[in-house]
Amino acid sequence: MKYLENPFKSLNRFELILWITSLIVVGASYLLVSTSDILPLCASLIGVTALIFVAKGRSIGQVLTIVFSVFYGIISLRNQYYGEMITYLGMSAPMAFVALIAWIRNPYKNTKEVKVNSISKKHLTHMLISCIAVTIGFYFILKAIGNASLVFSTISVTTSYLASYLTALRSPYYALAYSANDVVLIVLWIIASIETPVNVPMIACFVMFLANDLYGFYNWKKIKKRQN
């Protein structure tokens, strides 16, 4: 029955403040654009909630990441960000599922906290080689289908792949890769919002993602030190 416990009880005061602030910022940005399209709002609220639990090393964060990936893929499709759609539906969501299984199978002792891992040279080599292959492959795919903001979209694919890979490996550096991805996505959605203001909540979403991911790196380093 321990998996049915309220997950929010695990958040400390700072984490609660960060989560609530994220919800307020995202909600306020939605109200400012005065739109009836609630999909960006729903995606953003789910996303920031997912990240606070990922920062805690809790498996529920991966479950919410899968849900966010589906929502975000739909939003990206509507804005002709095909790279983002393919990345999140074809890569981020499946890899979040893989990470979910890996996290469930590798708890720290008898807790719901994942056991933090270190990257081996073998994993590092495979990650870099596969990342280069993914980047080159996606560049030409996105170019062929006429993806908007080709360069930024390709960089987004690269950083998202690295982040997903490191998350599955249970490495604290997943958060730095996601932070880099957040910066790229902030730029992408600023470009999209210039033409379609309804996308402003996505900017707020990834600004708060950046704050949560930076905290995630700090917290995972602290968790790893405690576990060791």
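## Helix α2

A residue is called buried under 20% relative accessible area, exposed over 50% and partly exposed in between, using a 1.4 Å probe and protein chains only. The structure is a predicted model, in which local features need pLDDT of at least 70, side-chain atom pairs count only at pLDDT 80 or more, and totals for chains, interfaces and linings use all residues. Residues are numbered from 1 along each chain as its sequence is written, and side-chain values use heavy atoms, with hydrogens and water left out.

Helices are DSSP runs of H or I with at least four residues, strands are runs of E with at least two, and both are numbered from the N terminus. Of the 17 residues of α2, 15 are buried, so this helix is largely enclosed by the rest of the structure. Just after α2, Gly-57 has a positive phi of about 75 degrees.

## Nonpolar cores

A nonpolar core is a set of buried Ala, Val, Leu, Ile, Met, Phe, Trp, Tyr and Cys residues joined through side-chain atoms within 4.5 Å. The largest one holds 32 residues, and Ile-52, Trp-103, Tyr-161, Tyr-165, Tyr-174 and Trp-220 have the most contacts inside it. Two or more residues of this core come from each of α1 (13-33), α2, α4, α5, α6 (150-168), α7 (174-195) and α8 (200-227). A second, separate core has 25 residues, among them Tyr-30, Leu-41, Ile-186 and Leu-188.

Contact means heavy atoms within 4.5 Å. Not counting residues up to four places away in sequence, Tyr-174 touches Val-54, Ala-55, Ala-163, Leu-166, Thr-167, Gly-216 and Trp-220. Ser-179 is in helix α7 and is buried at a relative accessible area of 7%. Leaving aside neighbours within four places in sequence, Ser-179 contacts Leu-210, Asp-213 and Leu-214.

## Salt bridges

A salt bridge requires a side-chain nitrogen of Lys or Arg within 4 Å of a carboxyl oxygen of Asp or Glu. The whole structure contains two. In one, the closest N and O atoms of Glu-15 and Lys-56 are 3.2 Å apart. This pair links distant parts of the chain, 41 residues apart: Glu-15 is in helix α1 and Lys-56 in the loop between α2 and α3 (60-78). Glu-15 is buried at 1% relative accessible area, and Lys-56 is buried at 13%.

Glu-113 and Arg-226 also form a salt bridge, with an N to O distance of 2.8 Å. Here the partners are 113 residues apart, Glu-113 in the loop between α4 and α5 and Arg-226 in helix α8. Glu-113 is buried at 11% relative accessibility, whereas Arg-226 is partly exposed at 48%.

## Loops and surface

Most residues other than glycine have a negative phi. Lys-109, which is not a glycine, has a positive phi of about 50 degrees; Lys-109 lies in the loop between α4 and α5 and is exposed at 66% relative accessible area. Arg-170, also not a glycine, has a positive phi of about 65 degrees. Arg-170 is in the loop between α6 and α7 and is buried at 12% relative accessibility.
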